[in-house]
Number of protein chains: 2
Amino acid sequence: MATIEELNRYEDVDTVLDALLWHARNLARADAGSIYLVEDGTLRFRYVHNDTLFGEGMQTGEGKAAVYRSHTLAMDETSIVGYVASTGRTLAIDDAYALPPESPFSFNKSFDHKTGYATKSILTIPLKSFSGELLGVMQIINARNAEGRFAPFDRESMTYIPLFANKCTVILERSMMTRERILRMIKLAELRDPKETGSHVQRVGSYAAEIYRSWAEFRGVRPEERKRYGDLIRIAAMLHDVGKVGIADAILKKPGKLTEDEYEAMKMHPIYGAQVFCDAAPALDQMCYDIALHHHERYDGAGYPGRIGDVMRPVGPRGAPLAGEDIPLSARIVALADVYDALCSSRVYKEAWSDDEVLALIMAEKGAQFDPELVDSFLRIQDVVYAIRLKFCDDCKS
Amino acid sequence: MATIEELNRYEDVDTVLDALLWHARNLARADAGSIYLVEDGTLRFRYVHNDTLFGEGMQTGEGKAAVYRSHTLAMDETSIVGYVASTGRTLAIDDAYALPPESPFSFNKSFDHKTGYATKSILTIPLKSFSGELLGVMQIINARNAEGRFAPFDRESMTYIPLFANKCTVILERSMMTRERILRMIKLAELRDPKETGSHVQRVGSYAAEIYRSWAEFRGVRPEERKRYGDLIRIAAMLHDVGKVGIADAILKKPGKLTEDEYEAMKMHPIYGAQVFCDAAPALDQMCYDIALHHHERYDGAGYPGRIGDVMRPVGPRGAPLAGEDIPLSARIVALADVYDALCSSRVYKEAWSDDEVLALIMAEKGAQFDPELVDSFLRIQDVVYAIRLKFCDDCKS
């Protein structure tokens, strides 16, 4: 299947979930779907599509924000998803509102009530790893018949969707592993600089992915390229500051203002970060390198470190700082995402700024510190940005 | 195929290569085989089996040492492996010594000359990723016919071995990715403590895997358990010291001897390391945790940090140090591997010890610092240990 080859190109778990849901729905022309993944013994909501509510291709901000909702289901009969997780068997329901009274599970009507959506047919599939372990549950909702009307799932889609899901779980598992390893690298960096918490990097990763998506839509970037780049930037953005591990304590942990010399030493962290990724061929590492090295460049050319011949030998005279579109797109995006997150967060030495203050600064720096097109792309998606802040708040589990 | 499910349980690339070669050979009752993986545009030798030379199951030390040989082949017709890499097509040869003169490749006789081995039939298979990228080349040598004599590969094995290899490449790719991510975590730790070089951790990982193998053979551990544990320990041992990232510069980088207080602070590094791995369920992370936390325990109970209730809250009175078999096996193994490697290496403040001095110390500490059975297991495999030292020497590419 060509679609499996497409999925196989993705590294990030969110891109994989999106593509998995997309292609599974497509097999039944289904209107909606969602995916839950197993986490600490419960089922955590991870992805959603709903053409009726959010527009096809999740074009509305509401749809993108919905992806960042945060809730869990128990692995039991209190929900259909939980029931399928506990039995490990695919379940097809023709009409969620006409379940026989003896059903061993119940349909939770709260989503329909809240949104006015009308759930009818539901196909719920356990996602199992190659070794049979439950990774999560996918639910496909409201299949369409040849006339385009909501209808029960036909025999063909009841056969092919679980088969397709089954073929994709190797890819899903790999992407979950990639995310896991990235978060572990971040935990390692956190030993040194507790400001670099898991929730900060998850936010910066999500902001970066969404700013890119908004910009790519505006620019009319081709869908394949959009997916490919969006896939990489979430992960790579999470790792933007790992080079701080190489900065001396006296500087990294200084409570007061840095002297000029200390600040110069601090400005080595992008180069250290680039050293971690410099010898790797994969596209992901290439982007990690670009972001680590250039996330402190400014659009007006007043940032650092500029062009570096060999990051492993960073002594000697530096090239001029990069400016404008010479700065890699990924690094321009993370520069904005990182500053936004820092301003919104409280630190030992500062309170969190108010939303108005933060947005005023970002608009003031449009074309100066930040790429003006990216600032506009960012401003267009404030509902999504806010959903990300809620999902990965500092006091909640990251 | 049940064998693919077996492979799918392994995390480490060496275990996967071993199992891949094992099962592929089995399909043709072949005597020998080897695997090369693509690295920086060349083909690096990575694994070998040879029942005639090294005994079945690579039982001899010579066989295990052969796995750690280090050489590369060009991706061209100067070798059969290189030719198959460059064409991307499987190649079957009935008799390596009877190639037609117009063959577009040549058979390198040097291995046979050096070892007295008689290569006859060769099946050489490109290993391609799901997306068609060349990962490496597997060569299966000297198929056997029903009478057990060396013979050309029959039609069945020419069909099934490439098919099997093809099915395994997803697993191979994943294991290569795991290794890659581990090495990147180590590069991150290296930013902080350049003593923790890639080659040091590769050696400690290999010593640990081989000490375990030697011990498990002596103890008669069941083969499945032997493979499973051996699979994890190589990776987990590489990460034993990452907790040093959390130690203050003033201590970690002090050129002289540490004061008592400083030494106490330094002794926090196992706990910091355990913090990185403490919330993860997979068996690999569990072992990473055990090793990070307990690799400075001593068999006689005079080590540290002992039992810790909650590594995330390590203040307050400590439990007694662990002793004897209360120390996890993996940590007892790494304690030995790590000290051995430190003694053999030169550091800013000390010369490398001679082999005699190192072995004398290890024997003197048998039953004191080190588990006596593990010391014996280690002493039995000095040829393998030496091959590992050669392969991952400090001045060569790690």
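**A buried helix and its sheet**

Modeller: This is a predicted model. Helix H5 (residues 80-87) of chain B is largely enclosed by the rest of the structure, because six of its eight residues are buried.

Biologist: Which residues in H5(B) are buried?
Modeller: They are B:Ile80, B:Val81, B:Gly82, B:Tyr83, B:Val84 and B:Ala85.

Biologist: And what covers the buried residues of H5(B)?
Modeller: The cover includes strands S1, S2, S3, S4, S5 and S6 of chain B.

Biologist: In what order do the six strands sit in the sheet?
Modeller: The order in chain B is S3-S2-S1-S6-S5-S4, in an open sheet with antiparallel pairing. Strand S3 (72-73) and strand S4 (91-93) of chain B each have a single partner strand, so one side of each has no neighbour in the sheet.

Biologist: How many bridges join S4(B) to S5(B)?
Modeller: Three, with S5(B) covering residues 122-128. In one pairing, B:Leu91 has B:Thr124 of S5(B) as its bridge partner.

Biologist: Which strands does helix H2 of chain B touch?
Modeller: Helix H2 (residues 13-27) of chain B packs on the sheet and touches S1, S2, S5 and S6 of chain B, at about 60° to the direction of S2(B). Helix H7 (residues 155-190) of chain B lies across S1, S2, S4, S5 and S6 of chain B, at about 40° to S5(B).

Biologist: Switching to chain A. Which residues form the nonpolar patch on the surface?
Modeller: A:Leu27, A:Tyr160 and A:Leu163, with about 270 Å² of accessible area together. A:Leu27 is in helix H2 (residues 13-27) of chain A.

Methods
Residues numbered from 1 in each chain as written. Chains lettered and ligands numbered in written order. Predicted model: local features only at pLDDT ≥ 70, side-chain atom pairs only at ≥ 80, totals over all residues. Heavy atoms only, no water. Pairing = 2+ DSSP bridges. Helix = DSSP H or I, 4+ residues; strand = E, 2+ residues; numbered from the N terminus. Contact = heavy atoms within 4.5 Å. Axes fitted to C-alpha atoms, helices over the stretch in contact; angles between N-to-C directions. Patch = residues over 30% accessible without salt bridge, like charges linked within 9 Å, V, L, I, M, F, W, Y side chains within 5 Å. Areas by Shrake-Rupley, 256 points an atom, 1.4 Å probe, with all protein chains shown as cover. Salt bridge = Lys/Arg side-chain N within 4 Å of Asp/Glu carboxyl O. Buried < 20%, exposed > 50% of the residue type's maximum accessible area, 1.4 Å probe, protein only.
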